[in-house]
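Take a look at the model below. The text after it walks through the fold, then the sheet, then the confidence.

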Amino acid sequence: MPFSVFTRAFAVAAASIAALSLAAVAAQANAVLQGGTAKLAEGESVVFMITGGESGPADLNAQCEIGDVGGTASITFDGENYVPLSDPSVGTVLTLSRGETRSYNLSGVVDASRGADAYIAFRFTGAPAPMCFPGMDCSGAEGKAASVTVTCRNGAG
């Protein structure tokens with residue numbers, strides 16, 4: 001089949017559309033996490049504000065670590081105007097044991113275009129109830145942690 005003007009025009013148009021699509025993806029802004037470290041007692045929360053996404057969806061890449069656990073601890077992950085694309089999901093309860101440290105590479109999309117704040121948060125809700133059935137000796141159940149430490153920062157991305 002001979003190469004025609006229409007074939008060449010189609011190829012140029014297709015290449016132009018592909019280049020514009022790639023430029024639009026590259027131009028999408030990244031969200032920025034206002035990171036830090038907090039030591040939480042039972043019932044306390046730490047909120048990490050996110051800037052970006054005011055003009056539409058923005059990518060967030062962050063790293064969070066929970067540690068310094070002296071017993072068992074339940075920590076609830078929360079977020080507003082943040083759609084996680086990685087674990088943990090908003091509402092997930094993370095359970096840690098004495099000496100355990102958990103690290104999470106958070107990847108998600110932030111959309112604060114409706115004027116609301118965007119953030120992620122961790123709430124130390126206490127200790128999970130031990131599995132103890134009537135008649136069982138539960139004296140060996142691990143005690144609850146007095147505190148946990150949460151650190152978050154922007155990730156590579």
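**Reading the fold**

Along the sequence, the protein chain runs α-β-β-β-β-β-β-β-β-β-β. That makes one helix and ten strands. Keep in mind that the model is predicted.

Now the sheet. Five strands make an open sheet, in the order β1-β3-β9-β5-β7. Their pairing is antiparallel. Two strands form the edges: β1, at 32–33, and β7, at 93–96. Each of these edge strands pairs on one side only. Strands of a sheet pair through backbone hydrogen bonds, in either a parallel or an antiparallel sense.

What does β1 pair with, and over how many bridges? The partner is strand β3, residues 45–51, and the antiparallel pairing spans two bridges.

Next, the chain as a whole. Take the contacts with a separation of 6 or more: 77% of them join residues 24 or more positions apart. Of the 157 residues, 29% count as buried. The protein chain exposes about 9,300 Å². Carbon and sulfur atoms supply 57% of that area.

Finally, confidence. The mean pLDDT of the protein chain is 82. A pLDDT of 70 or more is reached by 73% of its residues. Over residues 9–27, the pLDDT is below 50. This stretch has zero contacts in the model beyond near neighbours in sequence. Where pLDDT is low, predicted coordinates should not be read in detail.

Note on methods
Residues are numbered from 1 along each chain as its sequence is written. This is a predicted model: local features need pLDDT of at least 70, side-chain atom pairs count only at pLDDT 80 or more; totals for chains, interfaces and linings use all residues. Side-chain values use heavy atoms; hydrogens and water are left out. Two strands pair if DSSP finds at least two bridges between them. Helices (H or I, at least four residues) and strands (E, at least two) are DSSP runs, numbered from the N terminus. Buried means under 20% relative accessible area, exposed over 50%, partly exposed in between (1.4 Å probe, protein chains only). Contact means heavy atoms within 4.5 Å. Accessible areas come from the Shrake-Rupley method with a 1.4 Å probe; for residues, only the protein chains shown count as cover. pLDDT is the predictor's confidence in each residue, from 0 to 100.
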